[in-house]
Amino acid sequence: MSGYLISIIVFGGVWAILAVSLNLLTGEAGLVSLGQAAFFALGAYTSALLALRAELPFLACLAISALVGGVLTGALGLLALRVRDDFLVFTTIGVNFLVVAVFQYFEAFGGALGLVALPFAEVAGVRLTPQRYAWLVLAVLGLVVAASFALRRTWLGTGLAALREDEQAARALGIPTRAYKVVAFALAGVVAGLAGGLYAFYLGSVFPQNFGFLVSIQVMAMLVLGGLGTLAGAVIGAFLLTALPEVLRPLADYRYTILGLILILVVMVAPDGLVGVARRWLTSLRRRGGQAETTPPAGSEARP
Amino acid sequence: MSRLRVRDVTVRFASLTALSNVRLEVDAGEVVSLVGPNGAGKTTLFNVITGFVQPVAGTVRLDGQRLNGRGSARISRLGVARTFQVARPFPELTVEDNVIVALGRASYPHPLRTFGRARTPARRERAHGLLTEVGLPEPYDRPAGDLPVGHLRLLEVGRALATDPKVLLLDEPAAGLREPEVAQLERVVARLRERGLAVVLVEHNVPLALRAADRVIVLAGGEVIAEGTPDEVRADRTVIEAYLGTANA
Ligand SMILES: Nc1ncnc2c1ncn2[C@@H]1O[C@H](COP(=O)(O)OP(=O)(O)OP(=O)(O)O)[C@@H](O)[C@H]1O
Ligand SMILES: [Mg+2]
């Protein structure tokens with residue numbers, strides 16, 4: 001693999017993991033978050049601090065990042081219970097700025113200079129080459145996608161879907177919506193924490209400005225472009241928007257303008273994203289195929 | 001002891017007293033119709049019983065256990081189910097999933113079982129049984145949002161029954177139903193009564209409300225103005241006046 005391809009896979013994969021995390025909140029549970037970069041930061045800083053100050057091995061850092069992300073984001077979920085649903089989005093934006101500010105102003109977290117010179121990621125004493133690292137990122141992505149799919153079959157997943165559709169009706173059927181909201185935040189935090197840890201070790205450094213509000217917008221854009229509520233959409237959107245700026249390098253200055261235009265276009269033309277467009281296209285193809293099936297004389301087997 | 005006992009419940013919304021000193025008792029195997037003009041406070045009473053509205057005074061008890069002060073989800077799991085006046089299905093979930101969602105009473109709050117599988121073949125079968133029982137025709141695998149209004153009401157009744165309730169609160173379940181569906185609903189209510197459920201029926205269709213009930217309670221302006229058997233209430237002057245009053249307004 002070329003270095004270019006590897007970096008697309010690693011960054012695309014990390015953003016995809018973060019988009020899956022956002023999808024848990026917004027797609028599955030209907031909790032709109034524009035503070036995903038803060039949860040991402042919690043994971044990245046946890047890994048960076050543990051690697052630099054405690055010299056813990058890579059995989060331990062990653063695991064603790066997931067744990068810390070889950071606990072702290074779950075705690076933020078508790079806070080979210082105290083605000084009305086329509087204000088949740090502002091609360092998460094506020095949390096994003098707050099978290100960045102904390103990392104920026106406290107010397108213990110590296111301050112504005114960030115945390116640099118992380119050790120290389122090693123597993124069982126063997127240093128991960130960039131290529132191996134890319135495989136690892138893809139494996140983690142596969143894991144969180146699979147876990148997200150599995151979640152949908154559980155009571156928790158079904159209950160979150162009900163909560164998304166109509167919170168009062170969900171409560172009237174016995175679904176503990178408050179507890180479930182906190183759990184949704186915690187799970188999203190675990191996944192975002194993993195993404196953060198992977199990001200920190202790949203870059204070898206973390207800076208507060210890596211986790212600003214625009215990053216949260218970018219993750220939302222990936223999810224919306226791909227198709228909110230769909231896991232395929234989260235992954236496709238993340239890789240597309242990772243690769244696109246590289247392809248359009250001459251337009252790098254207009255990156256966020258292009259992002260904004262894409263978002264507006266998707267929301268206006270195809271609110272269910274690329275996956276929705278593909279689905280409708282497939283359905284219409286199948287319909288046309290279905291009509292053809294009725295045409296052959298009785299007795300002929302139309303199925304392939 | 002009554003299964004459901006509402007005692008001296010008073011509800012205020014700012015300066016409006018929506019309910020004042022309302023009492024309601026329902027036994028197991030009893031159907032009580034709650035009738036009254038628009039704005040009488042019928043839905044508000046349901047909201048109090050199910051924990052969506054907190055009364056300023058009074059208590060709600062289920063088999064002697066206090067319900068008010070608890071959360072709506074807990075109250076549901078303790079055995080009180082309701083439908084909403086304006087049907088509130090989960091539109092993007094399938095008809096079947098709308099019912100399966102309501103079968104998780106024992107699993108939702110359990111830290112391990114909450115990660116268990118929801119759609120087992122047995123539960124799908126149970127959901128289909130309930131949907132057939134309330135008279136909702138197949139298919140059950142399409143999004144609930146595609147159903148016509150009448151069918152949404154039937155779905156809500158089926159969904160409420162899926163919680164396996166002791167008390168069922170039906171808020172105008174017949175509104176928007178066609179004749180055969182109303183008849184079907186009436187049969188369902190009669191069957192639930194036989195099975196020992198306590199049913200409270202809010203209904204603007206007064207003939208239906210009187211036909212289906214063991215007892216009738218008439219609410220107007222947040223107060224109980226009459227109570228008795230369907231025959232007693234039918235003959236009651238104050239009731240006729242309360243209804244005529246709104247009809248002429
Ligand atoms: N959440 C609320 N906030 C403020 N006022 C409310 C609220 N809910 C109900 N009310 C008021 O309380 C009164 C009783 O309303 P309620 O919906 O209980 O009446 P109802 O008997 O169900 O009427 P209908 O037959 O029209 O459904 C009405 O005046 C209504 O406007
Ligand atoms: Mg009402």
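Modeller: Let's settle one word before we start: contact, or touching, means heavy atoms within 4.5 Å. This is a predicted model, in which local features need pLDDT of at least 70 and side-chain atom pairs count only at pLDDT 80 or more, while totals for chains, interfaces and linings use all residues. Residues are numbered from 1 along each chain as its sequence is written, chains are lettered from A and ligands numbered from 1 in the order in which they are written, and side-chain values use heavy atoms, with hydrogens and water left out.

Biologist: Great! So which residues does A:F211 touch?

Modeller: Leaving aside residues up to four places away in sequence, A:F211 touches A:A37, A:F40, A:A41, A:A44, A:Y45, A:N96, A:V100, A:Y199 and A:V206.

Biologist: And which residues touch the most other members of the largest nonpolar core?

Modeller: A:F211 is one of them, along with A:W15, A:Y133, A:L198 and B:L136, in a core of 135 residues. A nonpolar core is a set of buried Ala, Val, Leu, Ile, Met, Phe, Trp, Tyr and Cys residues joined through side-chain atoms within 4.5 Å. Buried means under 20% relative accessible area, exposed means over 50%, and partly exposed is in between (1.4 Å probe, protein chains only).

Biologist: Which helix gives the largest share of this core?

Modeller: Helix α1 of chain A, residues 3-28, with 13 residues. Helices (H or I, at least four residues) and strands (E, at least two) are DSSP runs, numbered from the N terminus. Domain 1 (4-89 + 163-247) and domain 2 (91-146) of chain B both give residues to this core, so the core lies between them. Those domain bounds come from an automatic or database domain assignment.

Biologist: How many residues are in the other core?

Modeller: That core has 30 residues and lies apart from the one above; its members include B:L19, B:L34, B:V80 and B:V167.

Biologist: Why would such residues group up?

Modeller: In soluble globular proteins, nonpolar side chains tend to be buried together.

Biologist: New topic, the magnesium ion. What are its protein donors?

Modeller: They are B:T43, through OG1, and B:Q85, through OE1, lying 1.9 to 2.1 Å from the ion, which is ligand 2. The two are 42 residues apart: B:T43 is in helix α1 (residues 42-49) of chain B, and B:Q85 is in the loop between β6 (80-82) and α3 (95-100) of chain B. Donors here are N, O and S atoms within 2.8 Å of the metal (3.2 Å for Na, K and Ca), and sites may look incomplete because water is not among the atoms.

Biologist: Now the sheets. What is the order of the six strands in the open sheet?

Modeller: The order is β6-β7-β8-β3-β9-β10 in chain B, with mixed pairing. β6 and β10 (223-228) of chain B are the edge strands, each pairing on one side only. Two strands pair if DSSP finds at least two bridges between them. For example, β6(B) and β7(B) run parallel and are joined by three bridges, and B:A81 has B:L168 in β7(B) as its bridge partner.

Biologist: What packs on the sheet and touches β6 and β7 of chain B?

Modeller: α5(B) does, and its direction makes about 165° with that of β7(B). α1(B) lies across β3 (31-35), β6, β7, β8 (198-202) and β9 (215-220) of chain B, at about 150° to β7(B). Axes are lines fitted to C-alpha atoms, for helices over the stretch in contact, and angles run from 0 to 180 degrees between N-to-C directions.

Biologist: And what order does the open sheet of four strands have?

Modeller: β2-β1-β4-β5 in chain B, paired antiparallel. β2 (16-26) and β5 of chain B are at the edges with a single partner strand each, so one side of each has no neighbour in the sheet. Seven bridges link β1 (residues 4-13) of chain B to β2(B), and B:F13 is the bridge partner of B:L16 in β2(B).

Biologist: Last one, which peptide bond is cis?

Modeller: The bond from B:E138 to B:P139, with omega near 5°. B:P139 sits in the loop between α4 (121-133) and α5 (149-162) of chain B.
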